[in-house]
Amino acid sequence: MSKKKYYAHETAVIDDNCIIGRDTKIWHFSHIMPNCDIGEACNIGQNVVVSPEVKLGSNVKVQNNVSIYTGVVCEDDVFLGPSMVFTNVINPRSAVNRRGKYAITNVKKGASIGANATIICGNDIGEYALIGAGAVVTKSIKPYALIVGNPARQIGWVSEYGHRLTFDENNEAVCPESNQEYKLDSKGDIVERIR
């Protein structure tokens, strides 16, 4: 019998047909439900529920008390803050069964979602976007966008390292930590990394 290549605390429950990558850690009282696909080097905090068929890329960090519902896909390097919330049905009713009609929510590479934020289903989160604590996201979010509030609104742009970007007269900015360079498009609408 081969040894597991991931760590699961003795109180964690891992259901059948799950794929769990090398060096992933699953902590106290967390439940990984059937047919999940979890990448390498993930950290699944305490009291986390990963619902059936959820896909998590590599190096995803899930903090305590997060439920990742069916229909959510997180790419590599995503951060999910403590007690943040995903939904997967727009109009839930206890007496109406909507299983199999879940909306899809894609969280793109490098995005971070702050503590107690809520992501309404069917809204994608762009690459490296930063969602502030407590924000309520009701529409899709652009790559590198800095988002706060209820309802959530964009107040700026961030670098891949999570620093707020200040653009000059040429619509260019430099991350103060990484020295990576960014540029806004001609409408000042979408940021892209240029170096």
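Student: Strand S23, residues 181-184: which residues are on the covered face and which on the uncovered one?
Tutor: In this predicted model, Tyr182 and Leu184 make up the covered face of S23, while Glu181 and Lys183 make up the uncovered one.

Student: Why that every-other pattern?
Tutor: In a regular strand, side chains alternate between the two faces of the sheet.

Student: What does S23 pair with on the S22 side, and in which sense, parallel or antiparallel?
Tutor: Strand S22, residues 172-174, pairs with S23 in the antiparallel sense over three bridges. Val174 has Glu181 of S23 as its bridge partner. Glu181 also belongs to the uncovered face of S23.

Student: What sits between S22 and S23?
Tutor: Six residues, and the two strands form a hairpin. Asn179 in that turn has a positive phi of about 65°.

Student: And how many bridges does S23 have with S24?
Tutor: Three, again in the antiparallel sense, with S24 covering residues 191-193. Leu184, from the covered face of S23, has Val191 in S24 as its bridge partner. S23 and S24 form a hairpin too, with six residues between them. In that turn Gly188 has a positive phi of about 70°.

Student: Back up to the whole chain. How many helices and strands are there?
Tutor: Zero helices and 24 strands.

Student: Which strands are in the nine-strand sheet, and in what order?
Tutor: The order is S1-S4-S7-S10-S13-S16-S18-S20-S21; the sheet is open and its pairing is mixed. S1 (7-8) and S21 (153-157) are the edge strands, each pairing on one side only.

Student: How does S20 run against S21, parallel or antiparallel?
Tutor: Antiparallel, with four bridges joining S20 (residues 145-148) to S21. Ile147 stands opposite Gln154 of S21.

Student: What about the five-strand sheet, what order does that have?
Tutor: S3-S6-S9-S12-S15, an open sheet with parallel pairing. S3 (19-20) and S15 (105-107) are at the edges with a single partner strand each, so one side of each has no neighbour in the sheet.

Student: Give me a pair from inside it. How many bridges link S9 and S12?
Tutor: Two bridges, in the parallel sense, between S9 at residues 55-56 and S12 at residues 72-74. Lys55 stands opposite Val73 in S12.

Student: Next, Val62. Where is that residue, and is Val62 buried or exposed?
Tutor: Val62 is in strand S10, residues 61-62, and S10 is one of the strands of the nine-strand sheet. Val62 counts as buried because its relative accessibility is 0%, where buried means under 20%.

Student: What does Val62 touch?
Tutor: Leaving out residues up to four places away in sequence, Val62 touches Asn43, Ile44, Gly45, Val48, Leu56, Ile68 and Leu80. Leu80 is 18 residues from Val62 in sequence, with 4.8 Å between their C-alpha atoms.

Student: And Thr24, where is that one found?
Tutor: In the loop between S3 and strand S4 (25-26).

Student: Now Lys101. Buried or exposed?
Tutor: Exposed, because its relative accessibility is 63% and the cut-off for exposed is over 50%. Lys101 is in the loop between strand S14 (85-86) and S15. Its C-alpha is separated by 9.2 Å from that of Gly71, 30 residues apart along the chain.

Student: How much of the chain is buried?
Tutor: Buried residues make up 38% of the 195 residues. The chain exposes about 10,500 Å², and carbon and sulfur atoms supply 47% of that area.

Student: What share of the contacts joins residues at least 24 apart?
Tutor: 15%, among contacts between residues at least 6 apart in sequence.

Student: Last one, charges. How many positive and negative?
Tutor: There are 21 positive and 21 negative charges, and their mean positions are 6 Å apart.

Notes:
Residues numbered from 1 in each chain as written. Predicted model: local features only at pLDDT ≥ 70, side-chain atom pairs only at ≥ 80, totals over all residues. Heavy atoms only, no water. Pairing = 2+ DSSP bridges. Buried < 20%, exposed > 50% of the residue type's maximum accessible area, 1.4 Å probe, protein only. Contact = heavy atoms within 4.5 Å. Areas by Shrake-Rupley, 256 points an atom, 1.4 Å probe, with all protein chains shown as cover. Lys, Arg positive; Asp, Glu negative; His and termini not counted. Charge placed at Lys NZ, Arg CZ, Asp CG, Glu CD.
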